[in-house]
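Please look over the sequence and the structure first.

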Amino acid sequence: MHRIHWFDEQIRSGRFPNSGSLARQFEISRRQAQRDIEYMVNTLRAPLMYAAKYRGYCYEDQTFRLPHLYMTEEEQRVLKYLAYRYRHYDYDQSDAVKRVAHLLERFTAEEHLLDQQQFPVFAAQPRQLQWFELLTHAAADARKTHIYYKDHEGEHQITFCPVKITSQFNADYVVGYETDPLLQTAIRLESIVQLKVLDEHFECSQDAWISSWEDALPVRKPFTAQIRFHEAQRSEQWQGYRIREQQGQICWIEFYDADVFLQHLYASEWEELISPGWLRRKLMKRTEEIAQRLSIQHQAEKE
């Protein structure tokens, strides 16, 4: 729609735009630009007329106006969240991904980019969107929060001063502290079970705030999983993960977050997880736990 509004403005300014000028302005193919023009005619009912003398388009009916387009607040929040995720993506094709983030921030989408390249897909869970929005406002207003979350060490309930939200390795974290601004803690958003923004404010001095949590992280190299499939893969990616190498039916796939990668293994079709051994053992443990719970439930139903 951003391209269409630009095309409309060019017509009203008497510049007689065409598919070539639209393609150059937005760095898209002429074929895509022509589809935009066809969309204006067929869907928006724009009375476009090609003026051969000026090699461009004008409106046959000067009273025509583009239909009013609006977006709900919920849709805007979702796009804002996705823009944030794409903006912090620092792996393959990061420059192209960040261009998409810029477009999403303007509540638009460039279809030609999505057609030509494969980008990572981020699941926008409703609860995580809610945490993101609440913590963003709490950090901006310097308001304390009460957070109940679960991690590998167990369950925690703390009064937390959120300072900023950051993204590392395809996961969102809120960084803040409980009492001492120099003792930073990072809580993963998806681990939060309950969150309440309190009326109490905290003081946040940027001079005292040392971003040691983020800066101290080393540059993390991806893990590599060696997986055998039923047939050879025809893409450079599998389920959004980069295939670094492929030999017949065996692929070497890069990933950063083991828990998220395991979720893809649960739901996808593959023949053998060859390596790494620690990931295979983790998968076996998870499946055994699930099988045990199902067995207990089945036994209880029989009794």
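The average pLDDT of the protein chain is 79, and 78% of the residues score at least 70.

The model is predicted: local features need pLDDT of at least 70, side-chain atom pairs count only at pLDDT 80 or more, and totals for chains, interfaces and linings use all residues. Residues are numbered from 1 along each chain as its sequence is written, and side-chain values use heavy atoms, with hydrogens and water left out.

Strands (E, at least two residues) and helices (H or I, at least four) are DSSP runs, numbered from the N terminus. Two strands pair if DSSP finds at least two bridges between them.

| Strand | Partner | Bridges | Direction |
|---|---|---|---|
| E3 (residues 143-151) | E7 (residues 192-201) | 6 bridges | antiparallel |
| E3 | E4 (residues 154-167) | 7 bridges | antiparallel |
| E8 (residues 223-228) | E11 (residues 250-255) | 6 bridges | antiparallel |

A hairpin of 2 residues links E3 to E4. Histidine 146 faces lysine 196 in E7, and the bridge partner of histidine 146 in E4 is threonine 159.

An open sheet is formed by 5 strands in the order E9-E10-E11-E8-E12, with antiparallel pairing. Its edge strands, E9 (237-238) and E12 (272-275), each pair on one side only. Helix H10 (residues 277-302) lies across E8, E11 and E12 and runs at about 140° to E12; axes are lines fitted to C-alpha atoms, for helices over the stretch in contact, and angles run from 0 to 180 degrees between N-to-C directions.

The largest nonpolar core has 18 residues, and Phe7, Met40, Leu48 and Tyr59 have the most contacts inside it. Such a core is a set of buried Ala, Val, Leu, Ile, Met, Phe, Trp, Tyr and Cys residues joined through side-chain atoms within 4.5 Å, where buried means under 20% relative accessible area (1.4 Å probe, protein chains only). Helices H1 (2-12), H2 (19-26) and H3 (30-42) and strand E2 (56-59) are the elements that give two or more residues to this core. H1 gives the most, with 4 residues. Leaving out residues up to four places away in sequence, tyrosine 59 touches Asp8, Ile11, Arg12, Met40, Ala46, Pro47, Leu48 and Phe64.

Conventions
Buried < 20%, exposed > 50% of the residue type's maximum accessible area, 1.4 Å probe, protein only. Contact = heavy atoms within 4.5 Å. pLDDT = per-residue confidence, 0-100.
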